[in-house]
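Biologist: I am new to this structure. Please show me how to read it, feature by feature.

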Amino acid sequence: MVESNIGFIETYRDPSGERGEWEGFASMINKERTKAFGKLVESAPKQIPKLPWPKDFEKDKFLAPDFTSLEVLTFAGSGIPAGINIPNYDDVRQNEGFKNVSLGNVLSAKSPNEPTPFVRSEDQEVFDKYKDEAFEVQVGLHELLGHGCGKLLQETEPGKYNFDINNPPVSPVTGKKISTYYKPGETWGSVFGGMGPSYEECRAECVAMSLCPDYGILQIFGIGDGSEDINGEAGDVLFVCYLQMARAGIAALQFWDPNSRKWGQPHMQARFAILQSFLSAGPEFCKLQHSKEDLSDLTIHLDRTKIQSHGRPAVNDFLQRIHIFKSTADKEAATELYDRMTGVDDWYMNKVRPEVIRQAKPRKVFVQANTMLDGDTVILKEYEATPEGLIQSFVDREYI
């Protein structure tokens, strides 16, 4: 019932994407949610073929991850994620398997209702109602299938390959046989370097955006009955999945530094790229609208009826490219594509970003519980959701 993870884990804060940050958490298993997510894992062999690449670029056998939905007691580190996929060694994931955890009470922890920047007033009610469900769908697909799918084409040792070197697979991007692959000793991390973490997060997010319009998948999450109805509850959750991602793409600009012209947060860079793919589907699907010169009334107009016809195909086109470039170790093509999709032009820099910063809400601060012993009895001490409660929770941690 108790799970923990501790060690040098995520590399996000290292500019080279190499060194892990020491962190850890203690948590309890939510058996009911774990069972529901287990159904998604079981269905993975049926879901992954729906993704936009041939079987040559997919593992011969999906390594079903161990999946657990957790309620976190305490998280010690610089950030509190909503989901984790471990380990972070792609060669281990490829050959041995991996584990996912969804941190359920992180997903549900939220401030009282407040207007969400860049969401239209007419969309606010459905956004507030289904944002937790939509985010859980996104995190589940991202962690369970996103990070878990895909094959790296490798020369595993001199003269040995995990694909037919005499008749290489045809890239769906170029229509030609592939000419690049991982050489002996090369790994995904060593080839893609500092760009790797954000690029992989983008690929996993795109997998979520590609699969969430599947009403059968939404049913696995307990949403709807599997029938397609964009105006029903499942349609509402699907709409909020896409709207939430588009909004995150705008809000991401807060994490782009105009001086260095670099992104400071891998997930945010990824979400900006996905917003660009939405916008590439045409203004009839997604557009940023405003009437004021200072963009103080900037909102996202996203047509839910065109997610299947416009949004999903645009995501699939982008996803196919980033996936094939990763599979074939084509860093040159990957860099050109990702730089283009995450490049911030003058309008975003001088118009949109200042408005994003003006409307930015203070970063959420999580107040966490402590356990202490009273004789042989374990006591759970919780705190008020106030600055005083937060400070007291740290004061009571004698080990710090």
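Biologist: Which residue's side chain meets that of Arg203 in a salt bridge?

Modeller: Some ground rules come with the answer. This is a predicted model, where local features need pLDDT of at least 70 and side-chain atom pairs count only at pLDDT 80 or more, while totals for chains, interfaces and linings use all residues. Residues are numbered from 1 along each chain as its sequence is written, and side-chain values use heavy atoms, with hydrogens and water left out. Now the general idea: side chains of opposite charge can pair when their charged atoms come close. A salt bridge here is a side-chain nitrogen of Lys or Arg within 4 Å of a carboxyl oxygen of Asp or Glu. The partner of Arg203 is Glu200, at 2.9 Å from N to O.

Biologist: Where do Arg203 and Glu200 lie?

Modeller: An α-helix has 3.6 residues a turn, so residues three or four places apart point the same way. Arg203 and Glu200 both lie in helix α6, residues 196-211. They are three residues apart, about one turn of the helix. Helices are DSSP runs of H or I with at least four residues, strands are runs of E with at least two, and both are numbered from the N terminus.

Biologist: Are Arg203 and Glu200 buried or exposed?

Modeller: Both are buried. Buried means under 20% relative accessible area, exposed means over 50%, and partly exposed is in between (1.4 Å probe, protein chains only).

Biologist: Which residues do salt bridges with shared partners join into one network?

Modeller: Arg120, Glu122 and Asp123. Within that group, the side chains of Asp123 and Arg120 meet at 3.0 Å, N to O. Asp123 and Arg120 are both buried.

Biologist: How many salt bridges are there by this rule?

Modeller: The count is 18. One of them joins Glu21 and Arg13, at 3.5 Å from N to O.

Biologist: What caps the N-terminal end of α9?

Modeller: Gln265 does. One of its side-chain oxygens lies 2.7 Å from the backbone nitrogen of His267. Helix α9 covers residues 266-280. Of its 15 residues, 13 are buried, so α9 is largely enclosed by the rest of the structure. Gly282 follows α9 and has a positive phi, near 110°.

Biologist: How should I read a positive phi elsewhere?

Modeller: Most residues other than glycine have a negative phi, and most peptide bonds are trans. Phe118 is not a glycine, yet its phi is positive, about 75°. Phe118 sits in the loop between α3 (104-108) and α4 (121-146). At 4% relative accessible area, Phe118 is buried. Leu295 also has a positive phi, near 65°. Leu295 is found in the loop between β10 (286-289) and β11 (299-302), and is buried at 1%.

Biologist: Which residues are in contact with Ile250, leaving aside neighbours within four places in sequence?

Modeller: Phe118, Leu275, Leu288, Ile300, Val352 and Val356. Ile250 belongs to helix α8, residues 233-251, and is buried at 1% relative accessible area. Ile250 and Leu288 are 38 residues apart in sequence, but 9.5 Å apart in space, C-alpha to C-alpha.

Biologist: How many residues separate Leu73 and Leu380 in sequence?

Modeller: They are 307 residues apart, with 9.4 Å between their C-alpha atoms. Leu73 is in strand β3, residues 66-76. Beyond its neighbours within four places in sequence, Leu73 is in contact with several residues, including Ala26, Met28, Thr371 and Leu380.

Notes. Expected span 1.5 Å × (residues − 1). Polar contact = N/O pair within 3.5 Å; in protein donor to acceptor, adjacent residues only side chain to side chain. Contact = heavy atoms within 4.5 Å.
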